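Hi everyone, thanks for making time.

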Amino acid sequence: MEGGGDLDAKIESLLNVEKQMRLAGDVSGTRKAATDILQLCFDARAWKTLNDQIVLLSKRRGQLKQAVTAMVQLAMQYIQETPDIETKIELIKTLNSVSAGKIYVEIERARLIKRLAKIKEEQGEIAEAAELMQEIAVETFGAMAKTEKIAFILDQVRLCLDRQDYMRAQILSRKISPRVFDADTKEKKKPKEGENIVEEAPADIPSLLELKRIYYELMIRYYSHTDDYLEMSRCYKAIYDIQSVKDDQAQWVPVLRKICWYLVLSPHDPMQSSLLNSTLEDKNISEIPHFKLLLKQLVTMEVINWAALWDMFKDEFENEKNMLGGPLSDKAAGDLKQRVIEHNILVVSKYYSRITLKRLAQLLCLSVQEAEKHLSEMVVSKALIAKIDRPMGIVCFQAAKDSNEILNSWASNLEKLLELVEKSCHQIHKETMVHKAALKV
């Protein structure tokens with residue numbers, strides 16, 4: 001390169017100045033000399049020299065923290081100006097090695113790793129990008145802005161999901177508490193003397209509400225892997241509660257549809273029942289009457305005919321693939337039938353204390369063997385209390401009482417009987433007195 005000797009001479013001269021300033025303990029002078037050297041290399045577009053000088057300056061004996069911080073921050077601005085991807089990666093790696101293990105440039109290092117991971121991801125190296133991101137534990141960085149921390153952890157989770165490392169994705173997602181998305185309404189306190197000053201987040205970091213939506217969308221991806229329908233419906237509910245979504249009908253309709261589907265697909269338990277009732281009470285559910293009817297059927301204690309239900313909702317089920325979040329899982333149709341059968345068994349258990357297996361199978365529109373299988377599964381999962389007398393073919397839905405309970409119930413019944421007898425005697429006595437008084441008059 002022309003002017004290479006001239007550049008070397010200028011650098012040598014500035015290195016001497018930097019040495020004098022450093023030994024004299026002059027912070028601003030050392031910082032200026034170090035940044036001037038980098039600026040010279042950048043102006044000359046001498047990228048290899050730039051990398052060498054960054055390493056050389058950072059390794060000089062007794063190098064000041066402020067000088068290293070200024071160098072790293074300045075060199076990070078040059079990354080966008082690199083002529084090709086190889087030069088960019090080389091510069092990022094140089095800055096990464098310089099900032100490694102230095103707590104005063106930990107935020108800069110995290111941003112560098114994020115840039116490098118993004119390049120690797122664009123090159124299709126998902127696993128390598130995920131490994132790079134996992135090296136950084138941003139939750140321990142006191143000076144980093146809250147939104148930047150959350151965005152960084154969400155990137156870690158996303159890359160783990162992309163490489164199908166679901167266990168690590170779950171561990172990383174637990175670093176973010178859902179409560180953090182609701183805590184932004186409080187006024188920011190001014191830092192006290194001696195506290196770390198929190199940096200402002202860069203302009204490309206999304207707002208807290210946008211991060212909330214990204215977080216729940218990633219959690220939906222995680223839970224869809226295990227077909228945890230109840231958790232998926234809770235995630236969609238959290239997205240639905242975001243004000244910007246509630247204000248836009250085009251956004252909340254597909255989200256509310258998903259909430260309804262996943263609630264219907266969820267196994268019956270108190271949480272599912274509570275969400276089902278609260279969704280039915282939402283005034284917006286009237287805008288999608290088909291789904292209101294679907295939820296109504298599950299809340300009403302009546303036997304549902306599976307064939308009629310499927311005919312009514314098959315088209316809606318198929319349409320879901322064109323909606324937000326894509327189609328329901330491959331086994332969702334089978335799970336829906338399973339939930340209808342479970343609902344019907346619960347309804348039967350409410351109205352009957354004893355029923356024949358044959359009649360139960362008729363009510364469920366199943367064979368006797370299938371009815372027995374589904375009933376047994378519900379008993380094993382403790383969703384229901386039942387006993388099957390197989391030789392007689394009778395199902396008993398009452399729990400067997402122990403002797404203490406029976407004796408207590410008898411004692412209670414006797415007590416109630418005696419109270420009634422006493423009350424009746426009192427009423428008879430009162431009527432007699434009134435009658436005698438009337439005769440005397």
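Let's start with Asp155, which makes a salt bridge with Lys114, their closest N and O atoms being 3.6 Å apart. By salt bridge I mean a side-chain nitrogen of Lys or Arg within 4 Å of a carboxyl oxygen of Asp or Glu. Asp155 sits in helix H8 (residues 146-162) and Lys114 in helix H6 (residues 106-122), so this pair ties together parts that are 41 residues apart in sequence. Helices here are DSSP runs of H or I, at least four residues, numbered from the N terminus.

Quick housekeeping. This is a predicted model, where local features need pLDDT of at least 70 and side-chain atom pairs count only at pLDDT 80 or more, while totals for chains, interfaces and linings use all residues. Residues are numbered from 1 along each chain as its sequence is written, and side-chain values use heavy atoms, with hydrogens and water left out.

Back to our pair: is Asp155 buried or exposed? It counts as buried, at 18% relative accessibility, whereas Lys114 is partly exposed at 22%. The cut-offs are under 20% relative accessible area for buried, over 50% for exposed, and partly exposed in between, using a 1.4 Å probe and protein chains only.

These two also belong to a network of salt bridges, along with Glu121, Arg158, Asp162 and Arg221. And how many salt bridges does the rule give? The count is 24.

Here's another one: Arg22 pairs with Glu18, with 3.0 Å between the closest N and O atoms. Both are in helix H1 (residues 4-24), 4 residues apart, or about one turn of the helix. Arg22 and Glu18 are both buried. Then there's Asp241 with Lys246, where the closest N and O atoms are 4.0 Å apart. Asp241 is partly exposed at 36% relative accessibility, and Lys246 is partly exposed at 35%.

Now for the helix I promised, H14. Its buried residues include Gln272, Leu275, Leu276, Thr279 and Leu280. Looking down the axis of H14, the buried residues fall within an arc of 135°, so they line one face of the helix; that arc is taken from the directions from the helix axis to the C-beta atoms. On the face turned away from the buried side of H14 you'll find the exposed residues Pro270 and Glu281.

And what covers the buried residues of H14? The cover includes helix H11 (229-240), helix H13 (249-265) and helix H15 (289-299), with contact meaning heavy atoms within 4.5 Å.

Note on methods
Helices (H or I, at least four residues) and strands (E, at least two) are DSSP runs, numbered from the N terminus.
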